[in-house]
Amino acid sequence: MVFDIDLIKDIYQHYPQKIDLIRQKIGKPLTLTEKILYAHLAEGEELKAYKRGEDYVNFSPDRVAMQDATAQMALLQLMNSGRKRVAVPSTVHCDHLIQAYKNAHDDLIIAESNNHEVYQFLRDVSNKYGIGFWKPDAGIIHQVVLENYAFPGGMMIGTDSHTPNAGGLSMIAIGVGGADAVDVMAGMPWELKMPKIIGVKLIGKLSGWSSPKDVILKLAGILTVKGGTNSIIEYFGEGTESLSATGKATICNMGAEVGATTSIFPYSKKSADYLAMTGRQEVVDLADTLVDCFNPDKEILKQPENYYDQVIEINLSTLEPYVNGPFTPDLAYPISELASAVKEHDYPDNMEVGLIGSCTNSSYEDMMRAASVIDSANKLGLKVNAKLIINPGSEQVKYTSKRDGILSRFEQAGAAIMANACGPCIGQWRRDEVADEHKNSIVTSFNRNFAKRNDGSPNTYAFVCSPEIVVALSIAGKLSFNPLTDHLINVKGEKVKLPEPLGDELPKQGFAVDDAGYIGPIADGSAVEVRIDPHSDRLQQLLPFTPWDGKDIISQPLLIKATGKCTTDHISMAGKWLKFRGHLDNISNNMLIGAVNAFNQKTNCVLDAQTGDYVEVPALARKLKSQGIGSIVVAEENYGEGSSREHAAMEPRFLNVKAIVVKSFARIHETNLKKQGMLALTFVNKDDYDKIREDDQISITGLSNFAPGKNLTLTLHHRDGSKESFAVSHTYNQAQIEWFKAGSALNKLKEEVK
């Protein structure tokens, strides 16, 4: 089945004329990013040169994708929107709620039993509103989107931060919160600050142990976890032409780890090959006539520094494999330096588990190259010394890999083949062997390695690399092993060296699958009844948040002053909490339990100023809420980094937190807070963070004159009777201020729909 073909034909019909008009109005050559963004301006939006990093712009994306964990809250909001059917093609993908434990067969049975209520809810809402449904084990959302929906020159949003994966097929694909998805599904314009554009020039060609994953691992070390914030990363140069479509998707996928709005590659022969191999020759025939539309203008390539806000060059020919971590994806080590780092920082050298999969690296090419390393080890008389876990990216990848003997090679090496789902990448991993909390290392082909993310243990040191390097380190059982230079001792006592990995980008016999796992919606869903059990602990009907009362925030207690990293994993953990993603009250019991209190360096332990006792964060927030009191959260840099989960914004709103005041925000999270009617503020002077005391009462004034570009005033009422006041800034535009006043963007949307 070729999805969206009529939509694609309609979009492509006038694409060249659109690009010509855009170029004329903008008055300069266009990057690929600009072509697609400006081609998707919302109806009525003025075509002009918008200021990057400053102007808010309304867009009309072509499609929406949602994974099952975030879809629950998105669809609960859609049910409150007043809409009868989605305005654009939309899909739900059941990939997050399957826990990896034994194997695909057993784990899937347990998941379908444990999550039956949620799956039925998602299926019913999909039928009612005309949404495509990908059932459990069909695959990981971003791999399924790449195989079925991504197309050059298109624009989509997805309720997952790794939606940019589709940039591997020249699509602008952006991760958002559920409220943003509701806007688009309801036919409303979708707002985004016009991003800056970082140009990454690729020269040379990959060889040996190096892989596309190493491009983004190196770039993460250059840009850091917030270096791409409010920017789109556009790759260009001759080096892009030799990368496979799935390799390019890997690079775009992990661009989320540097905070990028999205990432994108130009359309090339490799793109066409992948589209054709995945049954979309019809899309190729159309796209091949528009190659210039899906590449930057030639003038851009001649003088990139004149058109991109920043230019970085990476030579693929000299690129080493990288291993990034632990605890942050931007701590980048070329593999030649890893052994020294292990020794210097006392990382656990004994490598216990190697994990291959996730939305980042679970393609056919990834599987085949990793399996080739297993083959080499067998021929050399080497055994695998670490446990191996494999999560194929989709049923199509799994079926084809099984047919071609790839999976059997993993199994012969003792690997466990898990479901086509996210599994350990998002903490859906039952790992019994860490119950004793011993210090250990794991190596993954995933994208994130925050503390406790994969298995819940703070003593697990997680490192991210390519699937090939995962297997090599698993064979050695040592983190300090360098397959490019080091030898191993085989079963005969001989010194042997692993040869370079090999593998086909695409299956020689083509892809095959019996049941891809797609269920289309019924033609008329108006009679479908969506039932939510009022006694359920998994699903809860959403009640609208209350509008702003028109008053300043006066003398509210500090809830927590967080120090260090405060990602969405710290604010609203995944793992065992995923089951409550459709129940706002229940999941609010995890609010900020992973954040480190600056005053005692403990997690989930904050001062109740009324009693002098230290209590859990959600417990204090609930107590204050029951008394009609709000609270204030304070944190440091890049607050809300990581997943797009809007629960991290909805939980504070639900528990009556009045404002989040930080040194800086991650893009998606700042938008999520605004959408839920929260105040998201930043210190004008970052040193003011240090002035906040544990038992302060905090006031925020100036809200009666809340306006774009106008600072508010924060006043600290110290217990000794002294006061300090200073300015706090915000990035709200007028429309976002209206969300705040209405109580949420959804409240405002309902007013407009009516």
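Tutor: Happy to; we begin with the sheet and then turn to rings and cysteines. This is a predicted model, in which local features need pLDDT of at least 70 and side-chain atom pairs count only at pLDDT 80 or more, while totals for chains, interfaces and linings use all residues. Residues are numbered from 1 along each chain as its sequence is written, and side-chain values use heavy atoms, with hydrogens and water left out.

The sheet is open, with four strands in the order S10-S9-S8-S11 and parallel pairing. Strands (E, at least two residues) and helices (H or I, at least four) are DSSP runs, numbered from the N terminus, and two strands pair if DSSP finds at least two bridges between them. Strand S10 (262-264) and strand S11 (310-315) stand at the edges, each with a single partner strand, so one side of each has no neighbour in the sheet. From one strand to the next, the twist averages 20 degrees. Strand S9 (residues 231-236) runs parallel to S10 and is joined to it by three bridges; Ile232 has Thr262 in S10 as its bridge partner. Helix H9 (residues 212-223) packs on this sheet, touching strand S8 (196-203), S9 and S11, and its direction makes about 140 degrees with that of S11. Contact here means heavy atoms within 4.5 Å; axes are lines fitted to C-alpha atoms, for helices over the stretch in contact, and angles run from 0 to 180 degrees between N-to-C directions.

Now the rings. The whole structure holds 25 aromatic pairs (ring centres of Phe, Tyr and Trp, its six-membered ring, within 6.5 Å; planes under 30 degrees apart are stacked, over 60 edge-to-face, the rest tilted). Tyr347 and Phe463 have ring centres 5.4 Å apart and planes at 65 degrees, so this pair is edge-to-face. The two are 116 residues apart, with Tyr347 in the loop between helix H14 (335-345) and strand S14 (351-356) and Phe463 in strand S18 (residues 460-464). Both Tyr347 and Phe463 are buried (under 20% relative accessible area; exposed is over 50%, partly exposed in between, with a 1.4 Å probe and protein chains only).

Finally, the cysteines: the structure has zero disulfides (pairs of cysteine sulfur atoms within 2.5 Å). For Cys425, the nearest cysteine sulfur is that of Cys359, 5.8 Å away, and Cys425 is buried at 5% relative accessibility. Cys605 has its nearest cysteine sulfur, that of Cys566, 16 Å away.
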